2 protein chains.
Amino acid sequence: MALFVQKYGGTSVGSAERIKNVARRVAKYYAAGHELIVVVSAMSGETNRLIALAKEIQANPDPRELDVMVSTGEQVTIALLAMALKEINIKAKSYTGSQVRILTDSAHTKARILKIDEERIRADLKAGNVVVVAGFQGIDEANNITTLGRGGSDTTGVALAAALKADECQIYTDVDGIYTTDPRIVPEARRLKTITFEEMLEMASLGSKVLQIRSVEFAGKYKVKLRVLSSFEEEGEGTLITFEEDKNNMEQAVISGIAFNRDEAKITILGVPDHPGIAYQILGPVADANIDVDMIIQNVGHDGTTDFSFTVNRGEFANTMNILKNKILPHIGARDIIGGDKIAKVSVVGVGMRSHAGIASKMFRVLAEEGINIQMITTSEIKISVVVDEKYMELAVRVLHKAFDLDQEL
Amino acid sequence: MALFVQKYGGTSVGSAERIKNVARRVAKYYAAGHELIVVVSAMSGETNRLIALAKEIQANPDPRELDVMVSTGEQVTIALLAMALKEINIKAKSYTGSQVRILTDSAHTKARILKIDEERIRADLKAGNVVVVAGFQGIDEANNITTLGRGGSDTTGVALAAALKADECQIYTDVDGIYTTDPRIVPEARRLKTITFEEMLEMASLGSKVLQIRSVEFAGKYKVKLRVLSSFEEEGEGTLITFEEDKNNMEQAVISGIAFNRDEAKITILGVPDHPGIAYQILGPVADANIDVDMIIQNVGHDGTTDFSFTVNRGEFANTMNILKNKILPHIGARDIIGGDKIAKVSVVGVGMRSHAGIASKMFRVLAEEGINIQMITTSEIKISVVVDEKYMELAVRVLHKAFDLDQEL
């Protein structure tokens, strides 16, 4: 007998029929004697419907009130799934984030989980209940409803798995695992049987939208076994996310996948005085506005100045430019600020690249051969990312996928 | 400076535009220096949409889970109204029933309020906030979400007014007050400037759907000044619900209104052994099933048996018949059970009838003159109700309205 946390996304619970399917799948595990905590998202489309409604009232909806509103999406789904389970004679009980209680900080619309009370869930499991929990939401110290931000249901699943020491956290989604890249762009893309946490982290943050990055960090930190599975297929083992030590024994690929992201915008501040503290002066106000920064690039300066570049989510581009122009530029004596949102980021990811020289040069050569100009480069231990003109994104992904033999079964 | 509780129903908050209108009305009171607690229902149609969704999963949705689901309706509205207020620069804060906390018993879908924590609301009011509260919902001791049943938002409003000792509880609705009867049936129907609590109670329970009966009981018990107003008209004083002593000085009508209800069904148990405890034996199991009984009639028996009749909500007719046939009939030795749901109840209501003889005979004469057969009769201090064939309902209401001069201004 094992304890599983299963998480079903919006598409998997997108209609009454699909919710009944989820109930049947849960019932199979239940019949096999397992304990089950099921985390669900809002029905697909619901969150967007609610946000659109809020925007009819306020162009920039108040974050506290937006959380009150948007959190109703999952609240509807937990009730429906609990009903569907009861309908097939399985004891079930639904919990909102507040009822669990999933304590978060007070950063509305992007809160972080601080603590989960597990006693009540444990008692319900012991009493033979399937426990159905609303993903994506929590409550702060002052009892205000919070949400974890888009994709936060994965984080809820992993956090519950960690708090209750579950044997596995299964993320059911509309794909049957993690692929070497998006099969819509490269039809030869292959499902990976395993992927390391580190690779997954790089893949997720770079735009492979299967799992939310924070949930992967969480899983890594608390050593939660995480598996991505299809909610539409009866069989299939999906992709298991492993620690690196396991991985090295199983697959020896240098590169595991090609990730990409067209949701970013780049900003460059030209002629920044090159003295200590300048990076903080620039990014401090951006961070204070809760804008996430992805790539950050600063090259060596000359003539006492340097150019400072970074990328943000495309939706935050205008906002970030405003902050920079009004709050930062006047104080730091930089020459100018330029930016653009017609960019895409393409990355090669793989733990194997640590021990293999020449990945970067191969990547740059392959892109050059296709006439694709590289606008920015960053590297980490296990990935190399480049920013290119948005229009070359698909081409770049395809040629890199082929160049690194990702279409070949090992 | 006064403290007002204002309650807006589903129609009043049925769209973004209407919610903005509510915000503007609240703003007027706020600008005049008043403190405001605003209770809102779900947007019109939303509760039915949610119930229909639940029924796609379970024909008889689990009550605990149904409450989890249905309570999201008001949760969306409180957020939208708080946003609309902030948009016009009024400090506002939304509360779900759980956040307030409105403690109820555990009777899901028809819970009763036990206690309201008012400290947090009071602090928010003191800090200059308009406090927006979700109607219709609460939470039980074990932190399960409960709902008060249809129309429960009125009860929430009155309960908050009582707990916070508000100066007036204003119920905004789609009518501009309480009428002598439904103007759709009798165009000459007149708005009452005042009505007593007792009359209102009889009117509400008999089908004048302006106010939910429990809210009127509550208001009477805690001496909350209750006013019904239109949310669509800028001016208008609506109808004030008063205690009888006030009323006698203001309006001297014998009859205040004609109420009616076609949502009932009648059930008669024939040949019931006429001995003590029989009424309890019949109605005990019905009450245990949480079925509300309205009229109860038992006439003197003969040959040691009697006939026992009562009415229930039409939606509970089949259920009640089942209970009677399976649980009751076998034990009490009655002859048979008959029933019908093609009935309507028509009532004349007025505190004045206490001191005026002849109201009943006049009512029966007027109906007889139209050839309307009376199937059942019950009376109370301030009302006389008859059950007639459903098809005569409108006719009965019209002739009674005229016979008691309700179309005449006093």
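1. A word on the model before anything else. This is a predicted model, where local features need pLDDT of at least 70, side-chain atom pairs count only at pLDDT 80 or more, and totals for chains, interfaces and linings use all residues. Residues are numbered from 1 along each chain as its sequence is written, chains are lettered from A and ligands numbered from 1 in the order in which they are written, and side-chain values use heavy atoms, with hydrogens and water left out.

2. Start with the pair A:Thr47 and A:Glu74, which an unreviewed UniProt entry annotates as "binding site". They span 28 residues in sequence, yet no two of their C-alpha atoms are more than 8.8 Å apart, so they gather at one spot. UniProt positions are given in the numbering used here, feature names are shortened, and annotations may be inferred rather than shown by experiment.

3. Where do these two sit? A:Thr47 is in helix H2 (residues 46–57) of chain A, and A:Glu74 is in helix H4 (residues 72–87) of chain A. Helices (H or I, at least four residues) and strands (E, at least two) are DSSP runs, numbered from the N terminus.

4. Is A:Glu74 buried or exposed? A:Glu74 is buried, with a relative accessible area of 2%, and A:Thr47 counts as buried too, at 16%. (Buried means under 20% relative accessible area, exposed over 50%, partly exposed in between, with a 1.4 Å probe and protein chains only.) Not counting residues up to four places away in sequence, A:Glu74 touches several residues, including A:Thr47 and A:Phe136; contact means heavy atoms within 4.5 Å.

5. Another "binding site" annotation from an unreviewed UniProt entry has A:Asp174 and A:Tyr179 among its residues. A:Asp174 is in the loop between strand E9 (168–173) and strand E10 (178–179) of chain A, and is partly exposed at 47%. Leaving aside neighbours within four places in sequence, A:Asp174 is in contact with A:Thr11 and A:Phe232.

6. A:Tyr179 lies in strand E10 of chain A and is partly exposed, at 23% relative accessibility. Leaving aside neighbours within four places in sequence, its contacts include A:Arg190 and A:Met203.

7. Over in chain B, take a look at helix H11 (residues 278–288) and helix H12 (residues 317–332). Among the residues that meet there are B:Ile282 and B:Val286 in H11(B), and B:Ile323 and B:Leu324 in H12(B).
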